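Colleague: Could you take me through this one before I go back to my own work? I'd like to start with the helices and then move on to the strands.
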Amino acid sequence: MRVQAFLARPEQLRLILRDEPPGVPVTGVDPMNLSSLAEIVSSGEIPSSSVVEMLRTPVLTAGPRGPSIYAVPEEITEALGNSDPGERARWIQGWTGGTGPARGKALAAVAELAAGRDPSQTLYVWVGE
């Protein structure tokens with residue numbers, strides 16, 4: 001399973017679904033275990049159960065076998081974009097128990113992506129084989 005985080009405008013999603021996904025690979029995770037990270041990043045503001053529900057409902061999909069695109073809640077995008085390296089290290093420690101250096105690099109890359117977005121863009125997650 002491949003997971004990619006990327007920025008786009010809603011009108012760009014159909015093209016992205018057909019092509020190679022842009023953005024940052026999020027290695028060593030699947031969409032469901034991202035829900036616990038989302039709860040940590042949002043300081044519990046968004047419970048993991050809400051994120052699980054969001055990840056069951058793609059914004060756009062190519063069918064039951066995917067790929068699919070999911071929107072990241074604005075609160076999580078804001079938290080990622082406004083985070084610093086120390087805060088991200090604490091999130092990763094809480095999420096992986098200190099066993100996820102690759103996940104830490106991926107989270108830092110996604111946070112940098114979120115920090116560089118313009119107001120017309122949304123953070124999305126592409127999931128496919």
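Modeller: A word on terms first: the expected span of a helix is 1.5 Å times one less than its number of residues, and helices (H or I, at least four residues) and strands (E, at least two) are DSSP runs numbered from the N terminus. This is a predicted model, in which local features need pLDDT of at least 70 and side-chain atom pairs count only at pLDDT 80 or more, while totals for chains, interfaces and linings use all residues. Residues are numbered from 1 along each chain as its sequence is written, and side-chain values use heavy atoms, with hydrogens and water left out.

Colleague: OK, how far does H5 reach from its first C-alpha to its last?
Modeller: Helix H5, residues 85-96, has twelve residues and reaches 16 Å, close to the 16 Å expected at 1.5 Å a residue.

Colleague: And which residues of H5 are buried?
Modeller: Arg88, Trp91, Ile92, Trp95 and Thr96 are buried, where buried means under 20% relative accessible area, exposed over 50% and partly exposed in between, with a 1.4 Å probe and protein chains only. Seen down the axis of H5, these buried residues fall within an arc of 105 degrees, so they line one face of the helix; the arc is that of the directions from the helix axis to the C-beta atoms. Arg90 and Gly94, on the other side of H5, are exposed.

Colleague: What covers the buried residues of H5?
Modeller: The cover includes helices H2 (34-41), H4 (74-81) and H6 (101-115), with contact meaning heavy atoms within 4.5 Å.

Colleague: Which residue follows H5?
Modeller: Gly97 does, and its phi is positive, near 65 degrees.

Colleague: Switching to strands, how do E3 and E4 pair?
Modeller: Strand E3 (residues 60-61) and strand E4 (residues 68-71) are antiparallel, with two bridges; two strands pair if DSSP finds at least two bridges between them. Leu60 stands opposite Ile69 in E4, and in the hairpin, with six residues between the strands, Gly63 has a positive phi near 130 degrees.

Colleague: How many bridges join E4 to E5?
Modeller: Four, with the strands running antiparallel, and Ile69 stands opposite Trp126 in E5.

Colleague: Last topic: why is the pair of Phe6 and Tyr124 called stacked?
Modeller: Rings of Phe, Tyr and Trp (its six-membered ring) pair if their centres lie within 6.5 Å, and planes under 30 degrees apart count as stacked, over 60 as edge-to-face and the rest as tilted. That rule gives one aromatic pair: the ring centres of Phe6 and Tyr124 are 5.6 Å apart and their planes are at 25 degrees, so the pair is stacked. Phe6 lies in strand E1 (residues 2-8) and Tyr124 in strand E5 (residues 122-128), so the pair ties together parts that are 118 residues apart in sequence.
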